[in-house]
Amino acid sequence: MIELEGVPELVDPVMVAAFEGWNDAGDAASTAVAHLDREWKGEVFAALDAEDYYDFQVNRPTVFMEAGVRKITWPTTRLSVVRVGGEKPRDLVLVRGIEPSMRWRSFCNELLGFAHELGVELVVVLGALLGDTPHTRPVPISGTTSDPDLARRMDLEETKYEGPTGIVGVLQEACTHAGVPAVSLWAAVPHYVSQPPNPKATLALLNRLEDLIDVRIPLGELPEDARAWQVGVDQLAAEDSEVAEYVQSLEEARDTAELPEASGEAIAREFERYLRRHDGGGPPAPGGHATADGSDSTPYLRDNPGGRTRPPKPPKPGTDDDESSDD
């Protein structure tokens, strides 16, 4: 039974969800939702029963001390609400947790129960996957939906993906079958530097979310963190000629593939975001992460007891391997 005592009546609510684990390369998606919760001072109003959905040998509880008392935090998924002011007030229902170990259909139904009771008008699920993308270029963000009408209205791709999926894909399809408009936003994280955090990917997800739901998101120190992250990876890559050569090949493939994207429409989108911002002034789960083809992948620029593996050659632009979304 869902009880929502103390939750105010929401204004045009949108549910934004992210889950640690296979769907969350570089912790980019879960960090994005955590950022929203922190910046807008979210208030937790519900938590799913950890016993129902988690294997505690996979996602172990943690012990901590509070005022001299020993306590345990159980892995779960929590829901909070944030109120966004401005000319067009809109409330967000934030869902942040860990990809469940079991009973995924019941898990999604419980989240949909909250969405129904709160009058949620749109569900946006954030994810991040490992891809053949250079860290020196803008982070590719793909927005997908199973609803053809929603795809046309919101300038999204109608998903055609087939293959292994995670809780992001399952939740999106559950929303579709329940008649709730749902969108997935995926960030492509360079597979050769996938260890968290990845503030550049988090920033890219938040920028795309801002465009999608038409709210201004306070970014805080994220832009500076993203720049510092790129400088750090530049330095690591420069220390290894093989890595530097590989990054250059990714850059060439990316630039060739995206020449048509240097269009007036793309430039206009960036300019609109700039104007909005200046108007008025104001750890990974076992098994790796999702990749473009649904398989698991391990990072390249990371200590590897078994030795360094030579990175694969980037796919040629325009091939089927260029798919950039899990769902």
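Is H35 buried or exposed? In this predicted model, in which residues are numbered from 1 along each chain as its sequence is written, local features need pLDDT of at least 70, side-chain atom pairs count only at pLDDT 80 or more, and totals for chains, interfaces and linings use all residues. Side-chain values use heavy atoms, with hydrogens and water left out.

H35 has a relative accessible area of 3% and is therefore buried (buried means under 20% relative accessible area, exposed over 50%, partly exposed in between; 1.4 Å probe, protein chains only). The residue belongs to helix α1, residues 28-39; helices (H or I, at least four residues) and strands (E, at least two) are DSSP runs numbered from the N terminus. A polar atom of the H35 side chain lies 2.7 Å from the backbone oxygen of P218. Apart from neighbours within four places in sequence, H35 is in contact with L206, I217, P218, L219, G220 and L222, where contact means heavy atoms within 4.5 Å.

The chain has 327 residues, of which 47% count as buried, and contains nine helices and 10 strands.

Eight strands make up an open sheet of mixed pairing, in the order β2-β5-β6-β1-β7-β10-β8-β9. The edge strands, β2 (43-47) and β9 (157-158), each pair on one side only; two strands pair if DSSP finds at least two bridges between them. Strands β8 and β10 run antiparallel and are joined by four bridges. S142 stands opposite W186 of β10.

Helix α5 (residues 167-177) has I167, V168, G169, L171, Q172, A174 and C175 buried. These buried residues pack against strands β1 (14-20), β7 (122-131), β8 (141-145) and β10 (182-190), and against helix α3 (104-118). Just after α5, G179 adopts a positive phi of about 80 degrees.

On the surface, V63, I72 and W74 form a nonpolar patch with about 280 Å² of accessible area together. Patches are made of residues with over 30% relative accessible area and no salt bridge, like charges being joined within 9 Å and nonpolar side chains (Val, Leu, Ile, Met, Phe, Trp, Tyr) within 5 Å; a salt bridge is a side-chain nitrogen of Lys or Arg within 4 Å of a carboxyl oxygen of Asp or Glu.

Notes
Areas by Shrake-Rupley, 256 points an atom, 1.4 Å probe, with all protein chains shown as cover. Polar contact = N/O pair within 3.5 Å; in protein donor to acceptor, adjacent residues only side chain to side chain.
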